[in-house]
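The exercises below ask you to read a structural model step by step, each one followed by a worked solution. Please try each task on the coordinates before reading on.

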Amino acid sequence: MYDSKDQRVISNAYQLIPKSREKKIILTFDDGPSRNLDKILDILKIEKIQAMFFWQARLLHSKRSWKRVLDEGHIIATHSFKHPNLTKLSYQEQFREIKKSIQKIEEITGKPVVYFRPPFGQYNQETLLAAKQLNLTTVMWSLASLDWKLKNSPETIVKNVVTNLEDGAIILLHELEQTSNILMELIRSIKTQGYAFGVLPNSAKK
């Protein structure tokens, strides 16, 4: 499982929220908004938990369920505009790519974007500088479900997560069909291990 130790980015919830007696994890979903979004939201609502959505801004339009995401207590963050490997771009190109994504999301939702996750989890010093200049907090993850590789073995997604849980974990998921199909089982398996679910605060800078 991927585990970022880079202190320049957020990869554990307790870098931004105070630790408590209750064990906590954060679910994050990349690469939306997708056709699977409403199913994911339905499950999150049933289970009474909030999550974070890192969206490719090019996929967002006014008819997507963005209002429902916000109304139900989730957080919308940016995953760039077109999902390029930012490390292959100049600083100026990275800055423009990220800024364009912020502008699109804020134009539609009317809410400020606080968090950013680089596509493919690839970033360099210029990426972090661009994000900082745009008042974004860069968020990675401490536990990857590998759901994008497991279309034909969705039960392994649950195993990958549940067997590697730790307090404060930020879990990487995607808005994929296989992920939505096992999401309720995943959430309930996490709950049986005594974890609560949360999100990062609506305003944070690192």
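**Exercise 1.** How many residues does helix 3 have, and what span does helix 3 reach from its first C-alpha to its last?

*Solution.* Some conventions come first: this is a predicted model, in which local features need pLDDT of at least 70 and side-chain atom pairs count only at pLDDT 80 or more, while totals for chains, interfaces and linings use all residues. Residues are numbered from 1 along each chain as its sequence is written, and side-chain values use heavy atoms, with hydrogens and water left out.

Helices (H or I, at least four residues) and strands (E, at least two) are DSSP runs, numbered from the N terminus. Helix 3 covers residues 91-109, which gives 19 residues, and its C-alpha span of 27 Å is close to the 27 Å expected at 1.5 Å a residue, where the expected span is 1.5 Å times one less than the number of residues.

**Exercise 2.** Determine which residues of helix 3 are buried, and how they are arranged around the axis.

*Solution.* Apply the accessibility classes first: buried means under 20% relative accessible area, exposed over 50%, and partly exposed in between (1.4 Å probe, protein chains only). The buried residues of helix 3 are then Gln94, Glu97, Ile98, Ser101, Ile102, Ile105, Ile108 and Thr109. Seen down the axis, these residues fall within an arc of 145 degrees, so they line one face of the helix; the arc is that of the directions from the helix axis to the C-beta atoms. An α-helix has 3.6 residues a turn, so residues three or four places apart point the same way. On the other side of helix 3, Arg96 and Glu107 are exposed.

Next, look at the packing partners, with contact meaning heavy atoms within 4.5 Å. The buried residues of helix 3 pack against strand 2, helix 2, strand 3 (75-78), strand 4 (115-116) and helix 4 (125-133). Just after the helix, Gly110 takes a positive phi of about 75 degrees.

**Exercise 3.** Locate the backbone geometries that depart from the general pattern.

*Solution.* Most residues other than glycine have a negative phi, and most peptide bonds are trans. Ser80, although not a glycine, has a positive phi of about 85 degrees, and His83 has a positive phi near 65 degrees. Ser80 lies in the loop between strand 3 and helix 3, and His83 is placed in the loop between strand 3 and helix 3 as well. Ser80 is buried, with a relative accessible area of 0%, and His83 counts as buried at 15%.

The peptide bond from Gly32 to Pro33 is cis, with omega near 0 degrees, and Pro33 sits in the loop between strand 1 (23-32) and helix 1 (37-47). Leaving aside neighbours within four places in sequence, Leu59 is in contact with Asp31, Gly32, Pro33 and Arg64; Leu59 is partly exposed, at 23% relative accessible area.

**Exercise 4.** Which residues have the most contacts inside the largest nonpolar core?

*Solution.* A nonpolar core is a set of buried Ala, Val, Leu, Ile, Met, Phe, Trp, Tyr and Cys residues joined through side-chain atoms within 4.5 Å. The largest has 46 residues, and those with the most contacts inside it are Leu27, Leu44, Phe53, Ile171, Leu183 and Ile190. A second, separate core of 21 residues includes Val9, Phe54, Val114 and Ala144. Over the whole protein, buried residues make up 54% of the 206 residues.
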